[in-house]
Amino acid sequence: IERVKNIIVNLRPPHLETLGLEGAARELLENFSAYSGIAHELIVDGQCDEPSSDNVNIMLYRVIQEGLNNVVKHAHAKKVKLLLRKTDTTMTVRLEDDGVGFVPAQQRSIRQVGLLAMKDSAAYLGGSLKIKSEPGKGTQITVTCPRVVYGGGRP
């Protein structure tokens with residue numbers, strides 16, 4: 001029962017609905033640092049009164065979650081920085097680490113399935129994902145998408 005509960009919470013975190021993306025991201029970062037020992041910084045830029053679509057918040061939360069998992073598995077980082085930027089029309093999430101970096105592959109690879117899933121999720125909501133990385137210089141993942149998406153996909 002506890003395993004099923006954890007799976008359900010991870011699929012749709014209750015704090016995302018009650019605290020919004022900022023609060024849920026803050027909690028995710030705090031848990032990440034406690035678990036991994038990697039320091040974090042959260043930067044929130046811009047505010048607008050209207051809430052973002054649930055599917056946008058869930059996708060961005062998943063991107064943050066997958067990015068943090070990648071940091072733990074591969075980056076050997078000492079610090080991560082998360083930027084959340086909200087405008088009247090867009091949401092942007094940028095996750096940076098000071099880890100070992102990598103050469104972004106030109107081809108799809110089974111080893112990069114998490115990055116491909118993030119890219120496909122962003123595209124589904126009419127957004128984009130950019131990866132900037134090179135060996136020895138860390139990694140930066142930036143997702144920008146419309147703040148409000150009607151239906152399941154494109155605005």
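1. A residue counts as buried when its relative accessible area is under 20%. On that basis, 39% of the 155 residues in the protein chain are buried. The model is predicted. Its protein chain exposes about 9400 Å², and carbon and sulfur atoms supply 53% of that area.

2. The protein chain holds four helices and five strands. Along the sequence they run α-α-β-α-β-β-α-β-β. Take the contacts between residues at least 6 apart in sequence: 69% of them join residues at least 24 apart.

3. Helix 2 spans residues 14-36 and helix 3 spans residues 54-75. Their axes lie 11 Å apart, at an angle of about 5°. Angles under 35 degrees count as roughly parallel, so helix 2 is roughly parallel to helix 3.

4. Which residues form this contact? Helix 2 contributes Leu16, Leu21, Ala24, Ala25, Leu28, Leu29, Phe32, Tyr35 and Ser36. From helix 3 come Asn57, Ile58, Leu60, Tyr61, Ile64, Gln65, Leu68, Val71 and Val72. By class, the contact has 15 nonpolar, three polar and no charged residues.

5. Helix 3 also packs on helix 4, residues 113-124. Here the angle is about 165° and the axes are 10 Å apart. Angles over 145 degrees count as roughly antiparallel, so helix 3 is roughly antiparallel to helix 4. The crossing of these two helices is left-handed.

6. On the helix 3 side, Met59, Val63, Glu66, Gly67 and Asn70 make the contact with helix 4. They meet Gly114, Leu115, Met118, Ser121 and Ala122 in helix 4. The classes here are five nonpolar, four polar and one charged.

Terms used
Residues are numbered from 1 along each chain as its sequence is written. This is a predicted model: local features need pLDDT of at least 70, side-chain atom pairs count only at pLDDT 80 or more; totals for chains, interfaces and linings use all residues. Side-chain values use heavy atoms; hydrogens and water are left out. Axes are lines fitted to C-alpha atoms, for helices over the stretch in contact, and angles run from 0 to 180 degrees between N-to-C directions. Angles under 35 degrees count as roughly parallel, over 145 as roughly antiparallel, 65 to 115 as roughly perpendicular and the rest as oblique. Contact means heavy atoms within 4.5 Å. Ala, Val, Leu, Ile, Met, Phe, Trp, Tyr, Cys and Pro count as nonpolar, Asp, Glu, Lys and Arg as charged, and the others, Gly among them, as polar. A crossing is left-handed if the near helix is turned anticlockwise from the far one by less than a right angle, and right-handed if clockwise. Buried means under 20% relative accessible area, exposed over 50%, partly exposed in between (1.4 Å probe, protein chains only). Accessible areas come from the Shrake-Rupley method with a 1.4 Å probe; for residues, only the protein chains shown count as cover.
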